[in-house]
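Thanks for making time, everyone. Let me put the structure up, and then I'll walk through it chain by chain.

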Amino acid sequence: MPGNNPGMLQNAGILGADSIILDLEDAVSLTEKDSARILVREALKNVEYGNVEVVVRVNPFNSEFAKVDIDEIARVKPNALMIPKATEEELIAIDKMLINIESEEGFDAGSIKLIPIVETAYGLENVYSIIKSCDRIVAVLLGGEDLTSDLGIVRTKEGGEILYARNKVAVACRAMKVDSIDTPFTDTNDFEGLEIDTRKAKSLGFTGKAAISPKHIDTIQYVFAPSEAEIKHARRVLEAMEEAESEGKGVFSLDGKMVDAPIINRAKNTVELARLLGLI
Amino acid sequence: MMNILGREIPEYIEGYGKVIPFEGTFKRAGIKVKKEVKLNSVTPNDKKVLCGIEEVLEKVELADGMTISFHHHLRNGDYVLNLVVAAIANRGIKNITLAASSLFPNNVPLIEHIKNGVITKIVTNYMSGPIAQEVSRGILKTPVIMHTHGGRARAIESGDLHIDVAFIAAPTSDNYGNINGLYGRSACGALGYAVADAQCADKVVAVTDNLVAYPTCPIEISQIYVDYVVQVDSIGDPAGIVSGTTKITNDPVGLKIAKMTSDVMVATGLVKNEMSFQTGAGGISLAVAAELKKYMKQHGIVGSFASGGITGYIVDMFKEGLFRTLFDVQCFDLQAIQSYVSTHKHQRMSASMYGNPDNKGAVVNNLDIVILGATEIDMNFNVNVTTGSDGAIMGGSGGHSDTAAGAKLTIIVTQLMKARLPIIVDRVTNVTTPGESIDVIVTERGIAVNPRRTDIIEKLKKTNLPIMAIEELKEVAEKMTGKPKAIELTDEIVAVIEYRDGSVIDVVRKPL
Amino acid sequence: MQINKPAKAGTMESNDIYIMIMPSPKGGIEINLQSIVMKQFGEEMEKVILDTLKELSVESIIVNAQDKGALNYTIKARIETAVKRAQ
């Protein structure tokens, strides 16, 4: 949400999102960059965000605002900084800044994470090495609007033009074991379209999706939520695993199929996600 | 003396009389006597139509010290109240008691009349705008008496509130005083708040801008109650008549509250076939109706009735077959008026049928769920909808206390803070509705359940909803806003808040 | 910090506070606060403004503020922004 809006900053945590992005970049006009930065800084110090992950999108590193954004915001310990149009060099430079700040402030080294935004042709082609460039990276956000703008093509609701981008980002993130966040759906009132778009992202392997309106949160969570059947199955897997362990068995089968580590892992993730979403 | 809610109330109030202290929602139930009505019989030769307000005042012998009444179905677009009071002032009449079911910003001319001694006492269910602010500053020498919608009907029918002349703004009237609110350019729909006045006032005058051939059809208020009929250019501004209606909130916080409320309703098990439901006209209340609609459609639930002031949103639910009937005490918008005109399953209820505790059973007794608002709520779940946290009158019960008393499940929906002011406070500035009637408070940051309702607590425990003690909820708010300084009040009583049964639940003291 | 020129920060939106500051010819701190919750929080808001000015070492300033229910952190942020803009 726009960083210069106190009402939104105060209410951000209770709208149901898993993480919130407090924005100092595109949602803030040039003349208000200072205002937003100071407000977000004070909000982070004073507002209770509970278990919600707090991410601050700073200005692009080559802008006049980025360094002071990072310096001031990192010192109030957001969970992560989101870096627009990030390149490998920029991320390495930011990492160095953060190492110093964490040391000066007495924070655990590496505690402030980074989320680069892939929104240029360069960023898309180099996503794997961008993720690899820095240990702090926990996720990548795909920025569909800016990407299509950079490519000089039209952005559509159906998203055919960003299929390659989605595929590539989802796969690279999976390879590097970080989260992949799909680009937001921009029609605030088209919930059917939102659901279709979210399912597309999920089917390509994205682990999450950005929302530009709180109204989108329910639909996105619904699509990513494991179904009742999936949860039931996951629980059975874990129960069977516990039973096998108590009987001293190393391997076991369920419904006639062998249950190996990846299946157990998926079951654990499913149950964990279900708990997180309040489904169990 | 203190009443059972710990509110300090004198035993006798100048301009009100001896105080019966509130002792509990149904403590005064029992044998009731209705007042005798004295009337002037009308013979075949008598003509009812008069030439103008002047002649009306002559014929009804309007004199100093009388009580006159008006309904508020034309809301902020009403012309009749101001017109009649101006004519009364013109005749040099003084010391009139104004029993208007509600007062709105457009009643600002009353301020002058009060200053000039024309109006010296006000009895009403709701007031907003400049008149409310001035009353809070103490321009009346005696306190305003504030009733609930049901309580006003009770007072009129029992004789506690004697009306000398009732002026009924009539969107349609024939020459013999048969009135309806359905047709005419100032159509306003159901005339629920005019019925008790028509039945019990000494003299009743129909003021219309749509005089039709005899007999009008349908008849909402019968000729047998009406003494005179007078035609005026316009009884109200149609734009103002449907003013004050709200849209569903677009605020994400309000929408979240609505979703949580829907989850609460479903968890209690009351959302099922034959259920009955009422919601307010505020933005969040309407969002709750939208959530309920979704759920009912998904699960094929058909309710018995929806009630209240009816808005287009409730009409939509009715049209989609989610409720078999509607009970309507006032129409809030054109859609409601049109629905009322088009089907007899959209039924009028008078204020008495709606919420009078002293009849053989009001509609609120049959209500399953009601959704209400609040300006303040205290640790005992007492609710204030009469004054704002600056101590000035900004509303009144309306149907709040009536529905809360009758409904099986009363839910208050509200943001936890409104512009830095916590809604949950240690002690409300004034009590409108007693805590024993309030079951659940839903805010965006947590839900509090009245400890009396162990049944609801059990059911909600099984959900993932953020249930917390009301004290905790207050602390969450105060942590963000800081603790507000209490408003300083003087000893001067500017309003008496009368509970629906005629007892006094609180008094409003003038802020410093 | 010195206030070298007039400056403003914040908005008239709900939950915000609109701050206009200017140098004070006679010295000292002058605060003119209008708020929709003046009775309940006026005193506390003035204290937040004074504390923030102290932290910024501002000793001479005229502050005109129109509050729409801002929480303390917002008041602090807007004062700081205005002061920095007045450099």
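**Chain C to start**

Read along its sequence, chain C runs β-β-β-α-β-α. That makes two helices and four strands. Helices here are DSSP runs of H or I with at least four residues, strands are E runs of at least two, and both are numbered from the N terminus.

A word on conventions. This is a predicted model, in which local features need pLDDT of at least 70, side-chain atom pairs count only at pLDDT 80 or more, and totals for chains, interfaces and linings use all residues. Residues are numbered from 1 along each chain as its sequence is written, while chains are lettered from A and ligands numbered from 1 in the order in which they are written.

Confidence next. pLDDT is the predictor's confidence in each residue, from 0 to 100. Chain C averages 96, and 100% of the residues score at least 70. For the model, ipTM is 0.97 and pTM is 0.91.

Back to the fold of chain C. Its radius of gyration is 12 Å, close to the 12 Å that the globule rule gives for 87 residues, so chain C is as compact as a globular protein of that length. The radius is taken over C-alpha atoms, and the rule is 2.2 Å times the number of residues to the power 0.38. The C-alpha atoms fill a box of roughly 30 × 20 × 20 Å along the principal axes.

Of those 87 residues, 46% are buried. Buried means 20 or more other C-beta atoms within 10 Å of the residue's own; exposed means 12 or fewer; partly exposed is in between; the C-beta atoms are placed from the backbone. Now contacts in chain C between residues at least 6 apart in sequence: 76% of them join residues at least 24 apart. A contact is two C-beta atoms, placed from the backbone, within 7 Å.

**Chain C meets chain A**

How many residues does each side bring? Chain C gives 14 and chain A gives twelve. On the chain C side, helix H2 (residues 72–85) contributes the most, with seven residues. By type, that side has five nonpolar, four polar and five charged residues. Nonpolar covers Ala, Val, Leu, Ile, Met, Phe, Trp, Tyr, Cys and Pro; charged covers Asp, Glu, Lys and Arg; the others, Gly among them, are polar.

**Chain A**

Chain A splits into domain 1 (6–224) and domain 2 (228–276). The bounds come from an automatic or database domain assignment. The C-alpha centres of these two domains of chain A sit 33 Å apart.

**Chain B**

Chain B has 15 helices and 27 strands. Its radius of gyration is 22 Å, close to the 24 Å from the globule rule for 512 residues, so chain B is as compact as a globular protein of that length. Its C-alpha atoms fill a box of roughly 70 × 55 × 45 Å along the principal axes. Of the 512 residues, 58% are buried. Among contacts in chain B between residues at least 6 apart in sequence, 74% join residues at least 24 apart.

Chain B is also assigned two domains: domain 1 (38–241) and domain 2 (252–488). Their C-alpha centres lie 30 Å apart. Across the boundary, 29 residues of domain 1 contact 32 residues of domain 2. Helices H4 (130–137), H5 and H6 of chain B each give two or more residues to the domain 1 side. H5(B) gives the most, with seven residues. That side divides into 13 nonpolar, twelve polar and four charged.

So what surrounds H5(B)? Its buried residues pack against helices H6 (195–200), H12 (351–355) and H13 (400–406), plus strand S26 (489–498), in chain B. Nine of the ten residues in H5(B) (149–158) are buried, so the helix is largely enclosed by the rest of the structure. Among them are B:Arg152, B:Arg154 and B:Glu157. Just after the helix, B:Gly159 takes a positive phi of about 95 degrees.

**The core**

Last item. The largest nonpolar core has 253 residues, and A:Leu81, A:Val140, B:Ile168 and B:Val205 have the most contacts inside it. Such a core is a set of buried Ala, Val, Leu, Ile, Met, Phe, Trp, Tyr and Cys residues joined through C-beta atoms within 7 Å. Leaving aside neighbours within four places in sequence, A:Leu81 touches residues including A:Val56, A:Ile70 and A:Leu114.
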